[in-house]
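Me: Got a model open here and I'd like to talk it through. Can you take my questions as they come?

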Amino acid sequence: MRVGLGFDVHRLVPDRELWLGGVKIDYHLGLLGHSDADVAIHALCDALLGAAALRDIGYHFPDTDPRYKGIDSRLLLSHVVALLREHGYRMVNCDLTIMAEAPKINPHVTAMVTALAGAMACDEGQISIKATTTERLGFTGRGEGIAAQAVALIEPIA
Ligand code: MG
């Protein structure tokens, strides 16, 4: 078995939809990025890629490539899972932490788990999503952005 770690940050700005963990959240700000900027999925993709030593999300989906402009990050996640399968691995479990002062994340966690399980074609029990504030400290605490961390365990396909 192999383990991987992922981390990502995106800036919160007006006039953008807020997508987190594959779920659209009603909020007056959204995350800025070349894709839909789903910071939680990006951290998860990097954890999975890292576990298989397959570089990182920017290597596979460069933000200079117009194909990925505005793309639904669930598609990137599905692609990462397929890439792992090609290399003979499947996910055992993953655990995410989303760091945001606002909006409240916990009411959306169940929907996020369902969305990620759909994108990864795995059981919901393989996915854990947690949320925390940073006690109003730092850029997340000031509401300037959202950060996410993920860890993923993978195993060879028998
Ligand atoms: Mg990102």
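Me: Is Ile57 buried or exposed?
Reply: Ile57 is buried, at 13% relative accessible area. Buried means under 20% relative accessible area, exposed over 50%, and partly exposed in between, with a 1.4 Å probe and protein chains only. Bear in mind that this is a predicted model, where local features need pLDDT of at least 70 and side-chain atom pairs count only at pLDDT 80 or more, while totals for chains, interfaces and linings use all residues. Residues are numbered from 1 along each chain as its sequence is written, and side-chain values use heavy atoms, with hydrogens and water left out.

Me: Which residues does Ile57 touch, leaving out those up to four places away in sequence?
Reply: His42, Cys45, Asp46, Leu49 and Leu76. Contact here means heavy atoms within 4.5 Å.

Me: On to the metal. Which residues are the protein donors of the magnesium ion?
Reply: Asp8 through OD, His10 through NE2 and His42 through ND1, lying 2.1 to 2.3 Å from the ion. Donors are N, O and S atoms within 2.8 Å of the metal (3.2 Å for Na, K and Ca); water is not among the atoms, so sites may look incomplete.

Me: How are the donor residues spaced in sequence?
Reply: The spacing is D-x1-H-x31-H.

Me: Are Asp8 and His10 buried or exposed?
Reply: Asp8 is buried, with 17% relative accessible area, and His10 is buried as well, with 14%.

Me: Let's switch to the core. Which residues of the largest nonpolar core touch the most other members?
Reply: Leu20, Leu48, Met120 and Ile127, out of 53 residues in that core. A nonpolar core is a set of buried Ala, Val, Leu, Ile, Met, Phe, Trp, Tyr and Cys residues joined through side-chain atoms within 4.5 Å. Elements supplying at least two residues each include strand S2 (18-20), helix H3 (73-86), strand S5 (89-99) and helix H4 (109-120). H1 gives the largest share of this core, 10 residues.

Me: What does Ile127 touch, again without residues up to four places away?
Reply: Ile127 touches Met91, Cys94, Val113, Leu116, Ala117, Met120 and Cys122.

Me: What about Thr97, which side chain does it make a polar contact with?
Reply: The side chain of Thr97 meets that of Lys130 in a polar contact of 3.0 Å. A polar contact is a pair of N or O atoms within 3.5 Å; within protein, one must be able to donate a hydrogen and the other to accept it, and residues adjacent in sequence count only if both atoms are side-chain atoms. Thr97 lies in strand S5 and counts as buried at 18% relative accessibility. Leaving aside neighbours within four places in sequence, Thr97 is in contact with Lys130, Thr132, Ala147, Ala148 and Gln149.

Me: What is the radius of gyration?
Reply: The protein has 15 Å, which agrees with the value near 15 Å for a compact globule of 158 residues. The radius is taken over C-alpha atoms, and the globule rule is 2.2 Å times the number of residues to the power 0.38. The C-alpha trace spans about 45 × 35 × 25 Å along its principal axes.

Technical notes: Helix = DSSP H or I, 4+ residues; strand = E, 2+ residues; numbered from the N terminus.
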